[in-house]
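Please view the sequence and the model together before reading on.

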Amino acid sequence: FFDNMACSEQISVVSKQPKYCALDCCTDSTPSSTRMVHNRSKAAFLMLLFCVAVAALLHDNQAASSTITATWASVSSTRPGTPRFSTQVSSRRPPLGQRPLTVAGAMQVPQRESEKLKPGVTTTHVRMPVQEAGEALVAMQGKTPEEAYAEVESTMQHFAKTFYLGSKFFSLPKRKAIWAIYVWCRRTDEIVDGPEVSEDPDVLTEELAAWEQRLDNLFQGKFVDAAEFALADSLEAFPGSSKQPYYDMIEGMRMDLPVVGKNRYDTWDDLYLYCYRVASTVGLMTLPVMGTSPGYTFDEATPPAVALGIALQITNILRDVGEDYRDRGRIYLPLEDMARFGVTEQQIADQIVDSNYINLMKFEINRAREYYRLARSGIPMLSSEARMPVQSSLDLYSQILDAVEENGYDNFRQRAYVSNFKKLVTLPFSWLRTWGIPI
């Protein structure tokens, strides 16, 4: 394994001069002393990376995550030709609320998202009124900014273990912004699918409208609790975010409303729009945080980001077919695909896994993998710091599809998941892929 691993630097014990190489830096003519240093360096570094990953996953402490960040920064600084991310985040900006947030550089929404929200929505949240800017700090309930970020970190760590692990490879400012965005997305989802959701669609419609109003205020620096402070602070720290992906996600939640929403999707185009709204929007929210490599623009990085969201959501759908029907009465599989393979709604209700259903699952899994392939093409477009988090999240989540296959395509009775051990084994390979090594 080590002999086929790419190295970033070969150090000659004779000349003491760095010599950069690709895959075959140690040849038959390489002095044995140089070869020994080279092989030991590779082995030591990979063991260090693996041990740090174990520490971050099992102990989740600040020291481990800081070591990961330092290790990654060291590698990026020594590799020749590695694009450097140039955006600087000031740590001495005025406190939030002393000046309005600035929103600039709105990103273009993908072509297939043609439906836009109507302007002028002015409603008040039915449970928690929006505070004025002068009252914003009261919403912190005595919490410091550090405690606010600790709150969103704890939420993400509990509910999204795979993505939380991926976030540990970011620097602390970016990591905190990712946590804040995730928690806002989760809270948006729980308005419709949370444990204490009203069954009255009119109530849910009002709550989504109120949540939309709170979003308007967030982009003006107004917030009502610690989690919203974390997002407002992140939006200020990483300017360039567009409100549109956030609005589109709320529209995706409206598609899940009982009675007035959708619980069946006739075609793939119908489902694509849903997947974009509830998943691809997250990629558009986080792009300003991740940043792009020199020579690439946000517009170029947008299609792969959208593709990753589509792939992730298809994976969720295939993992949860039984749960979605049993608990919510929903079938996300396109009806045209079901008809093509001879699968009926009654078959899903009866949890029958036959050859028709297996062929349908194979078809949908191949579709998801195609979107993962498109998403991988965008990883070199990201800043060097963002590649490992995205690559590892992509690699880890796509393995859920492998688990569906290993379970005999029975997503009615068995939940597909990736074990912690497999996650740890995957991380070194994800790191190698960020260097362009096809493994």
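## Charges over aromatic rings

The charged end of R367 is placed over the ring of W268, at 4.2 Å from the ring centre. A charge sits over a ring here if NZ of Lys or CZ of Arg is within 6 Å of the ring centre and within 35 degrees of the ring normal. K176 also lies over a ring face, that of Y149, with 4.4 Å to the centre of the ring.

## Basis of the model

The model is predicted: local features need a pLDDT of at least 70 and side-chain atom pairs count only at pLDDT 80 or more, whereas totals for chains, interfaces and linings use all residues. Residues are numbered from 1 along each chain as its sequence is written, and side-chain values use heavy atoms, with hydrogens and water left out.

The term pLDDT denotes the predictor's confidence in each residue, from 0 to 100. For the protein chain the average pLDDT is 76, and 68% of the residues score at least 70. Residues 1–30 have a pLDDT below 50, and this stretch makes 54 contacts in the model beyond near neighbours in sequence. Residues 32–138 likewise have a pLDDT below 50, with 179 contacts in the model beyond near neighbours in sequence. A contact means heavy atoms within 4.5 Å. Where pLDDT is low, the predicted coordinates should not be read in detail.

## Overall architecture

The secondary structure of the protein chain consists of 16 helices and two strands. These elements are DSSP runs numbered from the N terminus, helices being H or I with at least four residues and strands being E with at least two.

Of the 439 residues in the protein chain, 51% are buried. Buried means under 20% relative accessible area, exposed means over 50%, and partly exposed lies in between (1.4 Å probe, protein chains only). Among contacts between residues at least 6 apart in sequence, 74% join residues at least 24 apart. The protein chain has an accessible surface of about 20500 Å², and carbon and sulfur atoms account for 54% of this surface. Accessible areas come from the Shrake-Rupley method with a 1.4 Å probe; for residues, only the protein chains shown count as cover.

## Aromatic pairs

The structure contains 16 aromatic pairs. Rings of Phe, Tyr and Trp (its six-membered ring) pair if their centres lie within 6.5 Å; planes under 30 degrees apart count as stacked, over 60 as edge-to-face and the rest as tilted. One of the pairs joins W184 and W211, which are stacked at 6.0 Å centre to centre with 20° between the planes. This pair links distant parts of the chain, since W184 belongs to helix 5 (residues 172–193) and W211 to helix 6 (residues 201–218), 27 residues apart. W184 is buried at a relative accessible area of 4%, and W211 is buried at 4% relative accessibility.

The pair of Y265 and Y274 is tilted, because the ring centres are 5.5 Å apart and the planes meet at 45°. Y265 is buried at 0% relative accessibility, and Y274 is buried with a relative accessible area of 4%. One aromatic cluster is formed by W184, W211, F219 and Y246.

## Residues with positive phi

Most residues other than glycine have a negative phi. V259, which is not a glycine, has a positive phi of about 70°. V259 lies in the loop between helix 8 (244–255) and helix 9 (268–290) and is exposed, at 76% relative accessibility.

Y409, not a glycine either, has a positive phi of about 65°. Its loop runs between helix 15 (384–406) and helix 16 (420–433). Is Y409 buried or exposed? At 12% relative accessibility, Y409 counts as buried.
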